[in-house]
Amino acid sequence: MATTLEPTTSADDSASLAAERRQAQFWRNTAPANIAKDDQWPLWSRHLSKRRTPKPLADLCGASKSPLRWGLADDGLTAQAADLLSLVDELETKPKGKSRFDAAQAVKSLSVWLKGTRALPQSVGFAVECLAVAHLLPAVADEASEEVWWQLVDELWQVAQSSADWGIDSEMPPEQGLAQQLLVGELPLTLAYLLQEIRPLYKLREDARDALAEGLVELTNGQGQVRGAYLAVFRPLLACWTRSRALGQQLKKGNWNRKAQEQFEWTVTQSLCLSAADGSSLLGKPNQSSWSPEFLASVLELGGDRSDLSAANAIFGKKLTRLVKGKEDDGIPEASDNCEWAGVATMRTDWERTAPTVVVDYSSPDLRLEIWSGTQRLISGVWDWNTAVDGKLLEPVGNWEESCWFSDEDADYLELSIELSAGARLERQIMLARDEMFLLLADNIHETGGGEVCHRLRLPLDAAVKFQPEKETREGLLAAGKTVARVLPLALPEWRVDPRIGELAVDKGHLQLEQQRPGKNLACPLLIDLKKSRAGKPCTWRQLTVAQSLEIQPHDVAVGYRAQCGRDQWLIYRSLAAKANRTLLGHNLSSECLIGRFLAPAGEVDELLEIEG
């Protein structure tokens, strides 16, 4: 479908509503009696100003202001959209005294909008403008002229008609997908609800239901998870579906089918999984609005259950859930989830506000992640990297593929791989240990063919977070006013007097680990200790000797590390070549990877994760 709309504003055009409204079948029986007679405008405008139903959208959603702003970033709106939304806010706000809504000013703004609607792009901004105009129409009938009011209706009618054949597809760019649901789903449903006395507008609800149902099914994985690229618009998309659900409940036959309702309910659960403790949307757009108490309450009422309420209360507390009605359930949704189709993994130690949270979007070569320690975001953005062998850069070939996903009471673990040029491969490990409260991030480069391998990984720090390196050793602290976490570069020598291998530093707001060693394979691990109570305790780490058939193995065959923070110690082993029977600290290993608690002084290992390969 074309990327622009070309509405028709002429009252003489046979396709416009203005040309049809003199006909008796134009009106439904809910319209005033004798409305089809010649002098219909005074009767119609008076009817709109006096009627008590349908209720404003804010009333349906239990909101004090218009729900049209839910999930949107204010700095992403057009100036005209912002102006129109302010008018809708004034209209739907419930003040203690006289309403601030100025119908005359609204008509001026609508007239300006009317002049600029030809050949407009199918954008989110334009869709928001159309929705705002639709919600203003009933309130300005007393102030607007008959010609201007009907031209506004005609414009929205033409937008709905022009958009009707625009299908939805999960491969669409996110902004287009959101605009499609707003224009093809919510807008016609809104017109059918607000102006249900007009038969052609009321009939729009049928196609709107189909469009919304298709969107819910096509854009999610069957359990409410959207593709990674759609995380940027997930919150406003959920807002669109929530408003549509509220509107559809007031219309005969509702607003979508049972399958779509199931997906909506799953989407509500996923929206909680993809929320930070401060209410923001994980990997959402910068400056995107967070949950408001009204938005959250409406979402949970229209699509949540008691277990969702339990999760919301645990992560947000009463500050955000104070308007939510209902009782909690003993059950609670799984805190972690992964979907290869979506390319999204969410890891949580639990649902509490203080719990560490990691979300990974691996749907494109530019893998993104967001890491939180309770209410403080540590890292957000693209996990950047580059690898060179003898000075020649290796480029990614294709996309990330999931190699392993594992989740139990001890840990969440995700392993990904991406093919590189010259036959090499990058494997990426992400493990969040629940009780141990540490995060392991590792880049492992395989099959380079041999040579001097140099790898650099970069993690974008939150603007409020500073990296504070230790003076004599290579670890450092992440602090935002106070210490939040500690970072250990396990493959580097602990003491700075040993200049070999590489460095951990901060560069232009990024935490950067750089390593360089000869060989076919290279392991580049970072251990992030997220337990704040250990931040001031002594720490240390060592690279361990790995043996096979009584022979010490080089670093490009297998690596082992022992790390200690306070009294807690961990053992980490990774095979970089073909797995074999090897020994590490007196333990026989034939697995590909082992991560466990190291119990001193007995030297026993309490397994957290083992991958046999």
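Five bridges join strand β25 (residues 568-575) to strand β28 (residues 593-599), and these two strands run antiparallel; here strands are DSSP runs of type E with at least two residues, helices are runs of type H or I with at least four, both numbered from the N terminus, and two strands pair if DSSP finds at least two bridges between them. The model is a predicted one, in which local features need pLDDT of at least 70 and side-chain atom pairs count only at pLDDT 80 or more, while totals for chains, interfaces and linings use all residues. Residues are numbered from 1 along each chain as its sequence is written, and side-chain values use heavy atoms, with hydrogens and water left out.

Within the pairing of these strands, Arg-574 stands opposite Cys-593 in β28. An open sheet of five strands, paired antiparallel, has the order β21-β24-β25-β28-β29. Its edge strands, each pairing on one side only, are β21 (539-544) and β29 (604-611). On average, and with direction ignored, neighbouring strands of this sheet are turned by 20 degrees against each other.

With strand β12 (residues 425-433), β11 pairs in the antiparallel sense over nine bridges, and Glu-415 has Gln-429 in β12 as its bridge partner. The hairpin of β11 and β12 has four residues between the strands, and in it Ala-422 takes a positive phi near 65 degrees.

We turn now to helices. The axes, which are lines fitted to C-alpha atoms over the stretch in contact, with angles from 0 to 180 degrees between N-to-C directions, come within 11 Å for helix α3 (residues 79-92) and helix α4 (residues 103-115) and cross at roughly 150 degrees. These helices are therefore roughly antiparallel to each other, a term for angles over 145 degrees. Gln-80, Asp-83, Leu-84 and Leu-87 in α3 meet Ala-106, Ser-109, Leu-110, Val-112 and Trp-113 in α4, where contact means heavy atoms within 4.5 Å.

Note on methods: Parallel < 35°, antiparallel > 145°, perpendicular 65-115°, else oblique.
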